[in-house]
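Thank you all for coming.

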Amino acid sequence: MAFPCMKMINSGCTHGSNPSRLFLRGPVPLNSLDSNPNRNPNQNQNQIIKPNRVQIPNAGYRHPSSYVASFAAFAMVTRSVANDVLTVGKEFRALADEFIPREYQDYYIHEMKKIILNNDSQFTVVIDEYQPQSNVQDEMFKAVETYLTTKVDESSVRKINVCKNKETLSVKLNENEEIFDEFDGVQVKWSKIGACYELTFHNRHRFMILESYLPYVLEQSNAIKSEEGGLKYHMIDDKYHEPKTVILDNPMTFQTLAIEPELKKSIIEDLNNFKNGKEYYRRIGKAWKRGYLIHGPSGTGKSSLISSIANYLNYDVYDIDLSNVDSDSQLKNILLEIPSKSILVFEDFDECENVQNRKDTFSRLLKFMDGMWSCCGEERIFVFTTKCIDNVDYTLLRPGRMDMHIHMPYCTFPAFKQLAFNYLDVEDHRLFERVDELLQYVNVTPAEVAGELMKCTRDPTLSLERLVAYLER
Ligand SMILES: Nc1ncnc2c1ncn2[C@@H]1O[C@H](COP(=O)(O)OP(=O)(O)OP(=O)(O)O)[C@@H](O)[C@H]1O
């Protein structure tokens, strides 16, 4: 649970235009607090209202579900402090012992009590746009942004964002604009302040908002995203630029992928074991990741297999170009910023022009996969593809390094039957026997066969005759 790293910011501001702010970040001793030196000394202290503010922590990538855990933990501890205020507080002490270092407990209890007792004030949750020291947008921030697009009053905005993929317009909240939302009869206010969203509501609703509303916002944003087109394909050239992202619009699935049925079955089984293996990986003390080396000539379906895996697991794909990564820290940052439930693809990784550069990057990558960093982020699949396995360094082929070596061969008869079914909708035909004979000694890729079949899909016989002629040639 992430509670101990949650930052409390307790700020006070005047009613006037010249706000006086008192910031408190993290556990500092109470007597070291200092008010803003710019505050007007004549200011009437009674006029100060003290909204309570909580900063949603965003240290590194966090899966949206971990935010739900944080909200719940925070609300739980806050409730517990309420008990502490009203009763003996044993419950909080027990929780605090688990999450908060002893030396800071009094500080947190003191702050919590202020929040609990200050029932008439506002409560503000701050959600930063970027993860610390990086240009990667925080997942919670993105979720809020997505959710708010459905709440913006379109007549009042000055900036619109066009989502080309669906040819629909989506509208974003502009800086310093506010949106009011209602949840379970409770009014909340969202505002965009610089690079963060602030959510403000009445202090007495804090439990409900943290426990129910914020998880609801996450849920809604996920639902909106899946309506928008589901999986994404991200291309990463180097760490200094945002990945180029497009919707993964490849309909290839294991149903349509033309490979040997036995191979297909074993890949699906492996993916199922991986998907359900959280406890297993934890028990054996290994990072929850899987490595596949896919090799075969061009056009045999290596990319199609990756799309099938992505569609099967519902994971986004990150295509990483190793040739542009030239330092340890660059690679480390790229890999650490990729979220869980992702497929990291290193396509034709052995084809980098600069051989030394490729070797260096590759050995860094292996170090990463073996080392402690591999434990950051769960549920990741690493896929390496190559056209020729003979080019691959032994370090990657060594037993235990890649979990599965998948050979994508030239078109076999079972693969052809799958393609004939995909393109011509036929399961059997008098020409199948001839195709079977030819495929025994002709090296043709599934891509070539698919290309031939596609030329005349309305007449299966003509299409197969053309394919036979092509193979005979
Ligand atoms: N095994 C296959 N099953 C179904 N379709 C296939 C298969 N192999 C190739 N195809 C068809 O051929 C096209 C190209 O194949 P794909 O890009 O997957 O091959 P590749 O091995 O990744 O090639 P490259 O190494 O050149 O990237 C696919 O879009 C698909 O239409």
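This is a predicted model: local features need pLDDT of at least 70, side-chain atom pairs count only at pLDDT 80 or more; totals for chains, interfaces and linings use all residues.

Residues are numbered from 1 along each chain as its sequence is written.

There are 16 residues around the ligand, and those that come nearest are Ala 258, Ser 298, Gly 301, Pro 446 and Ala 447; a residue counts as near if its C-beta atom, placed from the backbone, lies within 6 Å of the molecule. Two helices, α8 (302-313) and α14 (446-454), each supply at least two residues of that shell, helices here being DSSP runs (H or I, at least four residues) numbered from the N terminus. By class, the shell has 7 nonpolar, 7 polar and 2 charged residues, where Ala, Val, Leu, Ile, Met, Phe, Trp, Tyr, Cys and Pro count as nonpolar, Asp, Glu, Lys and Arg as charged, and the others, Gly among them, as polar.

How do α12 and α14 cross? The axes of α12 (residues 413-424) and α14 come within 10 Å and cross at roughly 30 degrees, the axes being lines fitted to C-alpha atoms over the stretch in contact, with angles running from 0 to 180 degrees between N-to-C directions. Their contact includes Phe 416 and Tyr 423 of α12 as well as Pro 446 and Met 454 of α14, contact meaning C-beta atoms, placed from the backbone, within 7 Å. By class this contact has 11 nonpolar residues, with no polar and no charged ones.

On α15, the partner is again α14, and these two pack at an angle of about 140 degrees with their axes 8 Å apart. They are therefore oblique to each other, a word used for angles that are not under 35 degrees (roughly parallel), over 145 (roughly antiparallel) or 65 to 115 (roughly perpendicular). Among the residues making the contact are Val 449 and Glu 452 of α14 and Arg 466 and Tyr 470 of α15, and the contact divides into 4 nonpolar, 1 polar and 2 charged residues.

Finally, α13 (residues 432-441) packs with α15 (residues 460-472) at about 25 degrees, their axes 10 Å apart, which makes α13 roughly parallel to α15.

Notes: Two residues are in contact if their C-beta atoms, placed from the backbone, lie within 7 Å.
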